[in-house]
Amino acid sequence: MLLDFLSELEHRCSVFLQAQGHADSAHDLNHISRVVKVARQLAIEEGADLAVVVPAAWLHDCVSLPKNHPERHLASTLAGDRAINFLASIHYPSEYYGAIHHAIRAHSFSANISPETPEAKIVQDADRLDALGAIGIARCMQVSGALNRPLYSLNDPFCEIREPDDTFYSIDHFYNKLFHIADSLNTPSARLEGKRRERVMRIFLDDLALEV
């Protein structure tokens, strides 16, 4: 019964999101689909409520502002508000609204809101895992290209001496943020996968160093 219910919900979410657009190519429907897939898997492994995790994962970026937008820190709260309005419009059970809203608000780095429920922790973990591994490398380059940032600094490209500054260089983002994600994940299942993905990124940088 729950699976049928969620299947209909997911179809409606997909249609809704396609009409919303997205801030950049790294936060498109493909990103959302990956987050949903990982969040569902983590929810099963960690025993969380799919009735909260699935809609929150689908709608976590229904408002998405560019990385350099001055109100970027408000995006997840705006997304939570829009998500609840949408869920109310399709008569999703209201007893889940509070937990879904919190999970969406807490997923964001820039909002700096601590997840207080297992479901919020899982949605946050699933979103952050998508910044790691092979897909994380690709998304970093997509965002950096949109912001017209060079790949690396000619002087100390891998931040061996200088402090990383990802407002200027793409590779600096690995050192400034991405390599800190795996240890910050909430659930054991996510941390295990995060470390695997981090190794992929470190191998990429090793190969890049040989080439440059």
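This is a predicted model: local features need pLDDT of at least 70, side-chain atom pairs count only at pLDDT 80 or more; totals for chains, interfaces and linings use all residues.
Biologist: How many helices does the chain have?

Modeller: Read from the N terminus, the elements follow the order α-α-α-α-α-α-α-α-α-α. The number of strands is 0. The number of helices is 10.

Biologist: What is the radius of gyration of the chain, and what does the globule rule give for 212 residues?

Modeller: Along the principal axes, the C-alpha atoms occupy a box of roughly 55 × 35 × 25 Å. The chain is as compact as a globular protein of that length, because its radius of gyration is close to the value from the globule rule. The two values are 18 Å for the chain and 17 Å for the rule.

Biologist: What percentage of the residues of the chain count as buried?

Modeller: Among contacts with a separation of 6 or more, 63% join residues 24 or more positions apart. The accessible surface is about 10,700 Å², and carbon and sulfur atoms provide 53% of that area. Of the 212 residues, the buried share is 49%.

Biologist: Which residues does Pro115 touch, not counting residues up to four places away in sequence?

Modeller: Pro115 belongs to the loop between helix 5 and helix 6, and its relative accessible area of 15% makes it buried. Its C-alpha atom is 9.5 Å from that of Ile104, 11 residues away along the chain. The residues it touches are His102, Ala106, Ala120, Lys121, Gln124 and Asn186.

Biologist: Is Leu9 buried or exposed, and which residues is it in contact with beyond its neighbours within four places in sequence?

Modeller: Leu9 is placed in helix 1, residues 2-20. With a relative accessible area of 3%, Leu9 is buried. Its C-alpha atom is 27 Å from that of Ser114, a residue 105 places away along the chain. Beyond the excluded neighbours, the contacts of Leu9 are Val54, Pro55, Leu87, Ile90 and Tyr92.

Biologist: How many disulfides does a search of the whole structure find?

Modeller: The sulfur of Cys13 has its closest cysteine sulfur in Cys62, at 9.0 Å, which is too far for a bond. For Cys159, the closest cysteine sulfur is that of Cys140, and the 12 Å between them is again too far for a bond. A pair would need its sulfur atoms within 2.5 Å. The number of disulfides found in the whole structure is 0.

Biologist: What are the relative accessible areas of Cys13 and Cys159?

Modeller: Buried residues are those under 20% relative accessible area. Cys13 counts as buried, and Cys159 is buried as well. The value for Cys13 is 0%, and the value for Cys159 is 14%.

Biologist: Which residues is His173 in contact with, leaving aside its neighbours within four places in sequence?

Modeller: His173 is part of helix 8. His173 and Cys140 are 33 residues apart in sequence, with their C-alpha atoms 7.9 Å apart. The contacts of His173, with the sequence neighbours left aside, are Cys140, Asp166 and Leu178.

Biologist: Is His91 buried or exposed, and what is its relative accessible area?

Modeller: His91 sits in the loop between helix 4 and helix 5. Although it is not a glycine, its phi is positive, at about 65 degrees. Most residues other than glycine have a negative phi. His91 is exposed, and its relative accessible area is 69%.

Biologist: Is Asp156 buried or exposed, and what is its relative accessible area?

Modeller: Asp156 is found in the loop between helix 7 (133-146) and helix 8 (172-176). Its phi is near 65 degrees, a positive value for a residue other than glycine. Asp156 is buried, with a relative accessible area of 13%.

How values were computed. Residues are numbered from 1 along each chain as its sequence is written. Side-chain values use heavy atoms; hydrogens and water are left out. Buried means under 20% relative accessible area, exposed over 50%, partly exposed in between (1.4 Å probe, protein chains only). Helices (H or I, at least four residues) and strands (E, at least two) are DSSP runs, numbered from the N terminus. The radius of gyration is taken over C-alpha atoms; the globule rule is 2.2 Å times the number of residues to the power 0.38. Contact means heavy atoms within 4.5 Å. Accessible areas come from the Shrake-Rupley method with a 1.4 Å probe; for residues, only the protein chains shown count as cover.
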